[in-house]
Amino acid sequence: MTAASLPACARIEIVDAGASTTVQDGGRLGSVHYGVSPSGAVDRRALETANRRLGNDPHAPVLESLLGGLSFRVSADRWCAVSGARAAVLIDGARVTEPERFLAPSGSRIDICEASRGLYTVLAVSGGIDAARTLGSASTDTLSGIGPSRLTAGDAFELGDARDPADSVHPDVSLPSARAEIAFRWGPRDAQFDVADRELLLRTEWIVSNDTNRVGARLDGARLRGGDGTLPSEGIMTGSIQIPPSGQPIVFLADRPVTGGYPVIGVVDEHDLGRFAQVRPGARVRFRPHP
């Protein structure tokens, strides 16, 4: 079935929002000077992969669901794509054989089951989610409250014009296992840490704590001493590995603050940010300097 045979107007209605579902897109870029974080999908490659499977703009708004559990209906037949955390998809209780891209029939209940691996599942719908934009983005910023509220049952959105799905299904992004190696780059404050601290960062197998969300992930393990002091507040990037007085790293993610007063020993490589965001609490992480 092609876009030409699908109704141009349609809407999606949330039946069950699961633990936490938000609208996300490519992010609120260029607004840091207003004190606004970029937000956007925590796993950008999952966002782009799902949208490209449907012929959408790669950064079109999607629904990002923590651990799955999202259920919805569409008012007209629409192609959908699921990426990111692995989760089975059901249509009126029947399992979809290829959740990477499937046709959601009008009025049917679609369930994205609990994720079996990873944290954040991305649902893209042909035409994209038509949500209100703030500073150029439809993304929900869970730290500041900018953007659409977290979804609840009964919420509904119009969908953009139906599009022809891509000729081929883009392969899904790789997900970390119970142990992940994450590439990073030193700086900007790595000189504040001595050789012992820098070596400790590399040789420690850090455990992702339960204190993990779209703002950042706190890691349990050894204690670095260079984070004892404070700095004048300065800008920080998504992926910054900040060392607070506890000595245990915090890795900032999509909804990070824009400034911080503790030293940043390094920044997670852009290509590994999505993988890191998908690491579940209790999993182990090692840092590898970018060559």
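Two residues are in contact when heavy atoms of theirs lie within 4.5 Å. The model on screen is a predicted one, and the tour below starts at a residue where that definition is needed.

**Stop 1**

Select Ile 129. Which residues is Ile 129 in contact with, leaving aside its neighbours within four places in sequence? They are Ile 12, Pro 61, Val 62, Leu 63, Phe 157, Glu 158 and Leu 159.

In soluble globular proteins, nonpolar side chains tend to be buried together.

**Stop 2: strand 5**

Which strands pair with it? Strand 5 pairs with strand 8 in the antiparallel sense, over 3 bridges; here, look for Trp 79 opposite Leu 103. Strand 5 also pairs with strand 10, again in the antiparallel sense, over 6 bridges. In that pairing, Gly 84 stands opposite Thr 121.

**Stop 3: helix 1**

Move to helix 1, residues 44-54. The buried residues in helix 1 are Ala 46, Leu 47, Thr 49, Ala 50, Asn 51, Arg 53 and Leu 54. An α-helix has 3.6 residues a turn, so residues three or four places apart point the same way.

What covers the buried residues of helix 1? The cover includes strand 2, strand 3 (62-66), strand 5 and strand 10. Just after the helix, select Gly 55, where phi is positive at about 80°.

**Stop 4: Thr 21**

Thr 21 belongs to strand 2, residues 21-24. Is Thr 21 buried or exposed? Its relative accessibility is 0%, so Thr 21 counts as buried.

Show the side chain of Thr 21 and look for two polar neighbours. One of its polar atoms lies 2.6 Å from the backbone oxygen of Ala 17. The Thr 21 side chain also makes a polar contact with the side chain of Ser 65, at 3.4 Å. Not counting residues up to four places away in sequence, Thr 21 touches Leu 63, Glu 64, Ser 65, Leu 70, Arg 150 and Leu 151.

**Stop 5**

Most residues other than glycine have a negative phi, and most peptide bonds are trans.

- Asp 92 has a positive phi, near 50°. Asp 92 is in the loop between strand 6 (89-91) and strand 7 (94-95), and it counts as exposed at 54% relative accessibility.
- Leu 135 also has a positive phi, about 55°. The loop that holds Leu 135 runs between strand 11 (129-130) and strand 12 (156-159). At 44% relative accessibility, Leu 135 counts as partly exposed.
- The peptide bond from Gly 187 to Pro 188 is cis, with omega near 10°. Pro 188 is in the loop between strand 13 (179-186) and helix 2 (195-203).

**Stop 6: Tyr 34 and Ala 162**

Select Tyr 34, in the loop between strand 2 and helix 1. Tyr 34 counts as exposed, at 56% relative accessibility. Then select Ala 162, which is 128 residues away along the chain, and display the distance: the two C-alpha atoms are separated by 35 Å.

**Last stop: the whole chain**

Zoom out. The protein chain has 3 helices and 21 strands. Its radius of gyration is 20 Å, close to the 19 Å that the globule rule gives for 291 residues, so the chain is as compact as a globular protein of that length. Taken along the principal axes, the C-alpha atoms fill a box of roughly 65 × 40 × 30 Å.

Colour by burial, and 53% of the 291 residues are buried. The accessible surface comes to about 12300 Å², and 50% of that belongs to carbon and sulfur atoms. Among contacts with a separation of 6 or more, 76% are between residues 24 or more positions apart.

Methods: Residues numbered from 1 in each chain as written. Predicted model: local features only at pLDDT ≥ 70, side-chain atom pairs only at ≥ 80, totals over all residues. Heavy atoms only, no water. Helix = DSSP H or I, 4+ residues; strand = E, 2+ residues; numbered from the N terminus. Buried < 20%, exposed > 50% of the residue type's maximum accessible area, 1.4 Å probe, protein only. Polar contact = N/O pair within 3.5 Å; in protein donor to acceptor, adjacent residues only side chain to side chain. Rg over C-alpha atoms; globule rule 2.2 N^0.38 Å. Areas by Shrake-Rupley, 256 points an atom, 1.4 Å probe, with all protein chains shown as cover. Pairing = 2+ DSSP bridges.
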